[in-house]
Structure formats: structure tokens, C-alpha cells
Amino acid sequence: MKRSVNILLSVDWLTIGVYLLLVFLGWLNIYAAVYDEQHPSVIDFSQRYGKQLVWVFAALVIALIVMLVDNRIYFFFSWFIYGGVVLLLVLVLIIGKEINGAKAWFEFGGVGLQPSEFAKFATALVVARYLHSPAINLTRPRDLMTAVALFMTPVMLIILQPDLGTAVVFISFFFVLFRAGMSPYILFSGLLMIILFLLTILFDDLFVAIGLVILAFIIVVLQSRKFLPPLTGLAVIAALVAGGWLTDRYLINIGGIEVAIIISLLIAGLGLSWFIFRYKLKWVMVIYLFLLGSIMYIYTVDYAFNNLLRPHQQTRINIILGIESDPLGKGYNLNQSLISIGSGGFSGKGYLQGTQTKFRFVPEQSTDFIFCTVGEEWGFIGSIAVIGIYLLLFFRLIVLAERQKSAFARIYGYSVFSILFFHFFINIGMTIGLVPVIGIPLPFLSYGGSSLWGFTILLFVFLRLDASRTEYLL
Amino acid sequence: MKDPFINRKYILVLMIMLASLMLLARLFYIQVIDDSYRASAESNVLRFVTHYPARGLIYDRNGRLLVSNKAAYDVMVIPGQTTVLDTVEFCELAGITVESFRDRIRVARRYSRMAPSVFLKQISAETFGVLQEKMYRFPGFYVQTRTLREYAKPVAAHILGYVGEVDDNIVHSNPYYKPGDYIGITGIEKSYEEQLRGRKGVNIYLVDVHGRIKGSFRDGENDTVAFAGSDIVSTIDIDLQEYGELLMKNKSGSIVAIEPSTGEVLALVSSPGYDPSLLVGRVRSDNFRQLEQDTLKPLFNRALMASYPPGSTFKPVVGLIALQEKVITAGTGFGCSPGYLFVGCHSHPSPLNLADAIMHSCNSYFCQAFRRTLENGVYSSVSEAYERWRKYLTDFGFGNRLNTDFTNELPGFIPQSTYYDRYYGAGRWRALTVISLGIGQGEIGTTPLQMASMTAAIANRGYFYTPHIVRSAGDTGETPTQFTGRHMTGIDSTNFIPVIEGMDLVVSGGPGATARHIGIPGVTICGKTGTAENPHGKDHSVFIAFAPKESPRIAIAVYVENAGFGSTMAAPIASLMMEKYLTGKIHNRWREENILGLNLIAVEEER
């Protein structure tokens, strides 16, 4: 049932317009970030703005090729593309070039290629391909696990490079899974895990655990409207612990408090079981399991943070949370970034008038920290405008995704949205101290061939699918 | 097909809205509400002014100041902030030419237009005064204060070491250092760099377009305080050190004096030396090049890095090992005809016991004692006996670095038995093959520091402490623990009696004693002369000694290159050093004048 469609008419020109605008803004800011009065020439290929022109031109060619390819190719070859990228990710570990301590680059005559940038698009294709089948039900653990495994495979390989920043991006696939029918509890658990993670690092484990117990207790009491049994239990336990403590303190130190706590835990367990069965309150059981899981998680996080994360990663998180302040050391990037964005004020210093951005004090000024230039030279107004353009893109992507007839195209569209959105939030968030410094680019704005090409392919494959939305039902 | 989850898109939309709201709220806060950032919105820039803490001072063992600091001023420039200025006036004030001004600006611009770089290093206090007054007229320039080293006396350069700018390697490997920072490069300055340097501080200022400081950035919230470096108390006695350098003037060689009861180095002279203040400030690079090109190698620390065969000064140890291995006793006598087989000797009474053999420095005696040590029936082979002998030597501190707090100590060389196996073939060498080791010649090499440490071990009758140059560093005032542990030599203290007796006789034994001319009234010196064979010219004169005999307070090794027998040059110098240290004065003026008047370097150059 092929219905030929003129791509020129059916393609979504609005999205293409937004794309071109963002790429143009990106180039302007890259020019500003490395601007030097001595070398004002726009076409200077020794400078990053000159090189970015080349990358942009190449990206447009890539976009054109993507649009010319038959849309069915992306569906039928998704597994091949995925397999090829996974192979590249393995290969880069072996023959890749090490830059900044990560083996993430292939080098071809001076041009670096980062396979992990293309892994995002390939993974999006294969996830969409897997989930498009109506037989897949994400509430079934088996199907969910398969879907997660699809994007965890590249994640594992990217962690081996190690490039934690890029690996973290794949978390965004949970949004896709959520939209495709994954239990919302998983998304909320994930959110809870992030909150608990931050609390655990900020405060002592014991306080967080006790806080959780109290919270769970209050929920149970308020929700069940049964006041007497829980409060009685609480009183018994309090008496026991107090008794143990007093014995230790004033009579004889035989570890009374420890004994009391163990007995209390037993009583609490028994009491809780009785409570659940007596009033047939299954949901209390769920809360109880959640509580146990959370407490185990807290201690795991604490262990992992102190023993598994590398020192610079620990420091980055600590600085965000305000535990460490070290303006000339590890917090230097963030501090400089805040100064330059903050000094932009309401209306900015004017294009090419930024002073902080040219200090060359923020490394990665034209790549990961490109938003500093926006914030400093264009101020709050400019920041709102740039964020607004992204919002337009995101809403448009959701609209486009929802109008797809094929589940494949819709799920792929959501993947594109989720990946771009995740980059957007984390990248801008890190420059203004809202999230830890994770080295990932701002889509379409940051300097760099691989990332621009990766995002271009990601987006234009979706536009290609969308242009043919009336042709086939894949 | 109805999508049951279609409503979930609203949750995602909600998520976008929330996230964007968070970003916007935060941006609104830092860009519009928070004044500290807005203060710099009027094209203001921040200037990071580093405060270099004063480097720690260095004192001698009696609390006399050796190294202190003086202020120096660097003119810094931020090329991006300079405006049209009266170059000629600036050059006049700063005392540079217009061409050099242009060159310097070009160099600075190449480094960075917006980050400060050093424009003019270490200007004088007067220039600073003049310049500072007019500074407001030269936007983009400012003066940064630093400290330079100042030396109380022009001595002890090798011990103290010098301070210089960090190189790229250090900047890359250690994040503390930034280009232009100073770091200790040799000597105490290097070994105790971390204690001496303190910690840099940074003040962040808001500066307007004219380069004027407008105030602290965020009320100094992000500033860090500089901490001054810790002072260091050295173990050297600056008077003795100065005297040693005086005695060694016009001679090349070295003196190492150690306090046996602690291992503290009292003086460490390497001659020719240089004035440490030559390597300070702007003149450093020129002077360094000159010193480096000097054929007498003044930068080379002979006391730690020159490895000589020890010669006859080794005989006490050879005797001690033979006693410990029970192949001789104090009364064992060996004949000398004169000499032993192919090793010659000079004329003296024969046969001699151990003490007399040391007094007369009889080659024959120690060759035979050494031969007995290697042919000891207790061991299955010569090679095994040799390894045992070598073990004693390494216990005395030979053949390895002593692990002192000097930065460039060399290990010397005591060959392993495998060395001879390679050379002669396993099992194909015997005691007689290596007999010259018994009189301190042959393949072995020892440094003056090791010889002084060995002398301290003899003075202590069996043990020594790792020689060290710093008594306390930092606030604790305690000696680092690696210097407070005794190293045992593995030789019983009773075995030292005849050897020390012999070393006493070297000085006091009358006719035939090799150093009978160096006595000091009221002090019993125990010493041993030696001659280090020098294939390149006249032999080196060596003398080791300690005093007083019963409760030694100083152990010393003196090397004078190309001075012939140990008794002629090294022994009187050692005597003068010990007398100076123990009594504070010199009774024998002509001995002193005799030494001071000698110029061996001129003689050597004529040859």
C-alpha cells in the first residue's frame, strides 16, 4: 500500500528551521568563545569557528543523505546498524586514541570520530524496533529486561572507555520505556533513588535511614487511620531502647542498648506482620519493602560513592552539593562558569563583549561550556530565548511523535526527544551549578564534529520517518 | 490500534516544563538577583592575585639564620587590557628599552590576551617605588610581590641548594605549581620543598577597565589565605662549614663532618663551591650557565657524588671484618718483606700486630687478613666468603645510597661476587685475584659521605645513624624518624678496641706513624690516612678521623684531589676542622697558614 509522497512537502520544515537556528546560534557562540581581535577572519580553519563551519557543512550533507534514504531502511536495518555501532565501540577500546584519559576516539587524518555519539542514534533505532511489536509488554519483567539490556550494552562499553558522561545519557531511554508502557513505579523509584543518593551524600547514612523509617511510619499511621496499634508499638520500642540506654549508662555496661535495638527490631517485624494481616493492609507491606530496599540502597550508595567513584567524580558531586568549596581547584570550571553566566546580568554584555569567556579560564569553553558564552554575552534574555528555542523543539518533537501511525516511528521519536532533552537539561544545569559537572555537549550548539553529526543523524532519521508517515504502516 | 498509554505524554510535557522552570529560576537567580555576579556586569573583569607565602627560613644547629627572604617585585601584564600608553615613559620608569618592551608584550600576548603573564621579573625596590606611583596610567599592568632567597653567608651552597622557576614537566605533573612559580631544585630547598613552600593564597578582585581594583569579588568568599612555609633547623654548624670552605679554597675535594652520636652532618664541603646568592633572582640563569660551564664543576657535589676507591682509609674496616670473622686476633702478626707478593709496602718494623699495622698502614698485613677472610674454611667457597665480606660493607653503608635527606646522593660501588664471576668466570677467581680490595683499591668506589659515616660507625664502636642535614622541619621540632634509628654494622664492639687503638697510634704513635704531625693539645684524635689512586693524574689525599677518642663528638672524612699522600694535605685539614669544632680556636697558626696558602688548582692547571 505504497502511497508516494513528496518529501519536500511532507517534511516538517518547522523542526528543520529550529535545527538550523540552533546550529547557527552555536556557531555564533563558538566564534565568540574563541574570538580574538587579532584573528577576526571568519574562515580560518586553524580556529574552532572555522572548523565548525566545515562540520556544519558536512552535517547538512549528512542530513540530506539521511532524507534521501528510503525510510524502510531504518526499520529493516536497525539491528545491523546497532550491531555495527556496538562493534565500533568494542573496536575503539582496542585501537582508539586516548584523549583526556578516555579511549573514545578514532582518528582519521586529524579528524576525530567518537563512536559513542552515533551509539545514541543506533540504540534509539533498535529500542524502537524492539518495542514496536504489539506482543511486547513492558509490564512483563522479561520484556522490560530485554529492552533495558538493549541500551545497557553500549553503556557498558562506553563506561569501559571510560566516558561516564556519555554513558549517563542513556538513562534517558527510561522516559521512552515509560511512554511505551513501563510501570510508572519504576520511573518514580528511579526518582526516589536519585533523591536518596543526594541525601546520602549530604547527610550521615544513619540519619537518612532513621528519617525514612519515621516517614514510612507517618504514612502508615495517616493512611491507615489506625492510631492505637502503631503508637503502642512505638511506645514499647521507645521504652525498650530507653531502658537499654539507661542500663548502660547508670547500672552496668553490658551492651544493653544493642540488645534493646535487636529486640526492638524483632518486635517491630512481628508487630508489623500482625498489623498487616490483622487489618488486611497489603499496601503497608509494599511500603515496608520499599523502606527495606531504600535502606539497603543508602548503604550501597555510601559504599559505592566512597570506594568506586574516582576522586575527581566525588569532588564534582561534592562541589555541587556545597560540601567542598575549592574555587581554584576542582570547582574551578564551575566557579568560572557561574561567574561568566552570572556576570551577564539581565541583558548581557553584548555579542563579542564577554570578558570572562575570553579569559580561557573555563576549559571546554566552546564544547561542554558553550552556554557560558550565551549567558555572559546575551544575558538572562538570551538564555530565555535559547531555552525557549529548545522548548519549541521538544514540544514539536512530541507532537510529531504522537502523530505517527507506526509504533516504531513514534517510539523512535520519543527516543530523539528524550536524548536531546537529557543533554539539554544536564548540560545547561551543570553550567549553572544545578547538576554535577558531567561532560556532555549541548545539542547543536557545542563545538565538535562527532556530536553535531550524531545529533543530526538522530534528528533527521526521525524527520525522514515522519515525512513518510502516511506511506506505510510499519 | 488504541494506545493505552497516550496520556503519559502529558507527564513528559510536565517534566519538560518543570525542568525548564528549574533552569530559568536558577538563571534568574544568578543573572538577575544575585548582586555578586552582577557587580561584574559592567564589563568588569576579575583578577586573580596570587599571594606567594614567605618561604620557610633555614637555621643552623646553633639557631643562626642561614637563609632568609627579601621582597622582589614582578611587573605583570594582561595584554588584552592595555590601552594606548606612553611607552617611552613606561620604559624609562622600568629601565628597559622600547624594543624590549615590544618583545615582552608580544611574548605575553602569545601566551594569552586575557590572562596575566610576567612582563618584567624581579625589579628593584626603587623601580617598584617609582613604578607603583605611576601605575594607574598604565592599565593592564600591575605589580606582584614575591620573595627571593637571601643568604647570611656566601657558603654551604651545596647543602642549601637553590630555588628556581618550575618547568613544564612539574606544572603538568603537580597541579599545585603554576607557570612562574618557584620550587626548590637541589639541596635542602628540594628535599624539604613541601615544608618550606607553605601554601599559596589567592585573592579575587574586581577590576574595572582601567585596571583599578574595585574591591573583593563576593566579599572574599572565594579567596584563600596564604600560609607561610615552615622554618627548618639544619644540622650544620655554620662556623665549621665556613671554616671548611676556607681551608678548601683553591683545592678541589670535599669534607664531610658528622656527629657520631646522632648522624647529624656538621659540615659538608665540596670544593670548588660557589656563592649561593649567585643563583638568586634575575642573574640566576646567566650565573648558572657560567657555573655549569666551569671546568672545575662547582655545581657538582663531590661529597655525595664523587666515587673514589677509599685506599688505605679502608684498612680499619678490613681489619674489623677479619676480627669479627675470627680469622685474626688483635695479636695476630703478619710479616712484611716489605710488601706481600706483588703488593708493595714501605719500610717499617716487621711483623706487626693489628694496631701497629694500622699505625704504619702496612699493606702486607691487610692483604693477608683479607686473604684469610676469603679463604675462611667456614665457607664453602671464596665466592660465599666474599659475599659475607660484602654484607659487612653494605651494613657499613657502602654500595647503596644511605637514604639521607640530600637529593643527589650516589650509591658508590661494591662489586657482587657475580661481578667477578662474569669477569673471571665462576669459581675461577680466588682471594689473590681480588687482593687489592684488602687495601681499599680495585673496583670499589665510595663517596666521602659514606666514608664519614663509616668513621662515625667506628667512633660509635659498631653502629651509625643515617647522616642527615636537617634536624627538624615543620612545627613538631622533631627529627624525622628515619634518622633516629641505629644501623648496626654486625661487628662486636670489643673488636673495635684494637682498631681504634691503631687509629690513635696513627696520630700519637711517634716515629713511623703516618699522621704524627697533626695532633692537637688535649684531644686524642683517632685517624687513618689514605691515598685514592687516580688514573688521571696525581693521587687524591684522603684522611678519616674522629675525636675525642673516648667520647667522639666529630667524625670526619677529608678528600683533597691531586694532593698525593693522605698525610700531607687531608690530615692537617681534618685536624684543623676538628680543633675548630672541639675547641673553637686554632693553636697552630702555621699549620693553618700553610694550608690556606696552598693553591692546588693552579698547580694542576699548570701541569
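Of the 607 residues of chain B, 45% count as buried. The structure is a predicted model, and chain B is made up of 22 helices and 18 strands. Among the contacts in chain B between residues at least 6 apart in sequence, 71% join residues at least 24 apart. The complex as a whole receives an ipTM of 0.80 and a pTM of 0.57 from the predictor.

The mean pLDDT of chain B is 84, and 93% of its residues reach 70 or more. Residues 40-44 of chain B are an exception, with a pLDDT below 50, although this stretch has 16 contacts in the model beyond near neighbours in sequence. Where pLDDT is low, predicted coordinates should not be read in detail.

The largest nonpolar core has 131 residues, and those that touch the most other members are Val256(B), Ala257(B), Ile556(B), Val558(B), Ala570(B), Ile573(B) and Met577(B). This core lies between domain 1 (46-234) and domain 2 (238-274 + 301-606) of chain B, because both domains give residues to it. Ile573(B) illustrates the packing: leaving aside residues up to four places away in sequence, Ile573(B) touches Leu247(B), Ile255(B), Val558(B), Val560(B) and Ile595(B). A second, separate core contains 109 residues, including Ala102(A), Leu138(A), Tyr390(A) and Phe424(A).

The strands of chain B may be followed from β2(B). Strand β2 (residues 58-59) of chain B runs antiparallel to strand β3 (residues 65-77) of chain B, and two bridges join them. Tyr59(B) has Leu65(B) in β3(B) as its bridge partner. Five residues lie between the strands of this hairpin, in which Gly63(B) takes a positive phi near 80°.

Met76(B) takes part in both pairings: its bridge partner in β5(B) is Tyr142(B), and its bridge partner in β4(B) is Val118(B).

Chain A has 19 helices and three strands. Of its 474 residues, 41% count as buried. Among contacts in chain A with a separation of 6 or more, 69% are accounted for by residues 24 or more positions apart.

Helix α6 (residues 115-131) of chain A has 17 residues and reaches 24 Å from its first C-alpha to its last, close to the 24 Å expected at 1.5 Å a residue. All of α6(A) is buried, 17 of 17 residues, so this helix is largely enclosed by the rest of the structure. Helix α18 (residues 407-431) of chain A has 25 residues, which should span 36 Å at 1.5 Å a residue; this agrees with the 36 Å between its end C-alpha atoms. α18(A) is mostly covered, with 25 of its 25 residues buried. Just after α18(A), Gly433(A) takes a positive phi of about 75°.

Leu281(A) is found in the loop between α13 (256-279) and α14 (282-307) of chain A. It has 16 other C-beta atoms within 10 Å and is partly exposed, because a buried residue requires 20 or more such atoms and an exposed one has 12 or fewer. Leaving aside residues up to four places away in sequence, Leu281(A) touches Ser224(A) and Ile276(A). Leu281(A) and Val220(A) are 61 residues apart along the chain, and their C-alpha atoms are separated by 9.8 Å.

Technical notes:
Residues are numbered from 1 along each chain as its sequence is written. Chains are lettered from A and ligands numbered from 1 in the order in which they are written. This is a predicted model: local features need pLDDT of at least 70, side-chain atom pairs count only at pLDDT 80 or more; totals for chains, interfaces and linings use all residues. pLDDT is the predictor's confidence in each residue, from 0 to 100. Two residues are in contact if their C-beta atoms, placed from the backbone, lie within 7 Å. A nonpolar core is a set of buried Ala, Val, Leu, Ile, Met, Phe, Trp, Tyr and Cys residues joined through C-beta atoms within 7 Å. Domain bounds come from an automatic or database domain assignment. Helices (H or I, at least four residues) and strands (E, at least two) are DSSP runs, numbered from the N terminus. The expected span of a helix is 1.5 Å times one less than its number of residues. Two strands pair if DSSP finds at least two bridges between them.
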